[in-house]
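Grab a pencil and let's work through a few exercises together. Have a look at the structure first.

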Amino acid sequence: MLFSTVQRRAAGKRGGCGEPGTGHSSRPHRWNAMEYDEKLARFRQAHLNPFNKQLAPRQHEQEPGEEAPRVTSEEALPELCPGELEFHCTERVMDLGLSEDHFSRPVGLFLASDIQQLQQAIEECKQVILELPEQSEKQKDAVVRLIHLRLKLQELKDPNEDEPNVRVLLEHRFYKEKSKSVKQTCDKCNTIIWGLIQTWYTCTGCYYRCHSKCLNLVSKPCVSSKVSHQAEYELNICPETGLDSQDYRCAECRVPISLRGVPSEARQCDYTGQYYCSHCHWNDLAVIPARVVHNWDFEPRKVSRSSMRYLALMVSRPVLRLREINPLLFNYVEELVEIRKLRQDILRMKPYFITCREAMEARLLLQLQDRQHFVENDEMYSIQDLLDVHMGRLGCSLTETHTLFAKHIKLDCERCQAKGFVCELCREGDVLFPFDSHTSVCSDCSAVFHRDCYYDNSTTCPRCARLTLRKQSLFQETGPDVDA
């Protein structure tokens, strides 16, 4: 029963699509062929070269029932420009979604071999950048290509020749730089130094930088020679004499200048008071020594390039004798009074260190190696000293050094302690040292007393009187022998 039912259902299925009583029909074969053609057309369309954009519209216009036209490799691939890389992909295994044309020549790429062709390529790349949308990726890529083209052009104009490592010119001592930094500017032509492809030099004296091709054009002498021969400042505030005294020319290169900017702008240097052209005056800022000494004014002002180098070399040189230039400055600036007292104490400590073996081995005086003039005198100052006083740095550092020196003499070293003094006026109290705050020192014999005792008995110094008597006795003893 079950077997007969299954046979009847199978027979009904075989005869449902064809003629009754037969198990065969030709209609399914015709429908399957049409479906196969459509699938084949879609397969060919999906597996063509993704970079062939000429064939796509024609295949979209194809009717579903029509057979897909056969496309040869010559028709499917676009024509290549001369010199382009010939690479074609006839089949694609999987769709990566890459719609960019990776194989055509990039915009602005110009395989040039001489300067004229590079200049033409640069102009074409500029035009492409202007035509592309702002802030687009294509425009950024074009800008990068433009930079590479300009670097190549600069390399052809300035070939990397075997330059000497040292060049001496106008008292400059130029050394070839090995740095590849591009942050430097040529002081001669006022253009960027491309360290990757250009040879450039730096003067070890004044740090003048220039291209190797600009070396022979340098006309400014090294300011380090002026520092070594004439180490002094202009202490008049902006001593202007006028453009007529300069014959309306730059004070350095003698180029015609004027305040109207024709033919070149006149820029005044606040240090020298003279006028310079834009090539010799880059509006650099520097602290003016004359304004510091007279007005205690540390505001930077515009100076020329040569003045800026001179001031930079002179900033740490102790050439200012403040007591002679402006003695009233100590009444106006209280910090200067404290610095002067600390410096005087350090000078009184110096004899202890010179005669102490432990101090010499510990190199205590090298604590002031950046300010050696502090252990030589208490009158000379540098601009850097005054800047640190103004910023409050010098007082703190000098106080620490003073404390370190006093600790060695009064606590750490027995030899230095043995060189202390006892007040000969009162014979009381602890051992005194000349750098103590409550003591006074005789200017003739350097004896140390309590300050109150010294001023109460200021008639004569006991030690000076004793030394005078000793000299007289020695003279009297040697007198008869000389007469004999």
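This is a predicted model: local features need pLDDT of at least 70, side-chain atom pairs count only at pLDDT 80 or more; totals for chains, interfaces and linings use all residues.

Residues are numbered from 1 along each chain as its sequence is written, and side-chain values use heavy atoms, leaving out hydrogens and water.

**Exercise 1.** Find the secondary structure count of the chain.

*Solution.* Count DSSP runs, taking helices as H or I with at least four residues and strands as E with at least two, numbered from the N terminus. You get 18 helices and 12 strands.

**Exercise 2.** Work out whether Ser440 is buried or exposed, and what it touches.

*Solution.* Start with the place: Ser440 sits in strand β11 (residues 439-441). Next, the cut-offs: buried is under 20% relative accessible area, exposed is over 50%, and partly exposed lies in between (1.4 Å probe, protein chains only). Ser440 has 8%, so it is buried. Finally, look for contacts (heavy atoms within 4.5 Å). Leaving aside residues up to four places away in sequence, Ser440 touches several residues, including Val448, His450 and Tyr455.

**Exercise 3.** Compare the reach of helix α12 with its expected span.

*Solution.* The expected span is 1.5 Å times one less than the number of residues. Now check the inside: Leu336, Ile339 and Phe353 are among the buried residues of α12.
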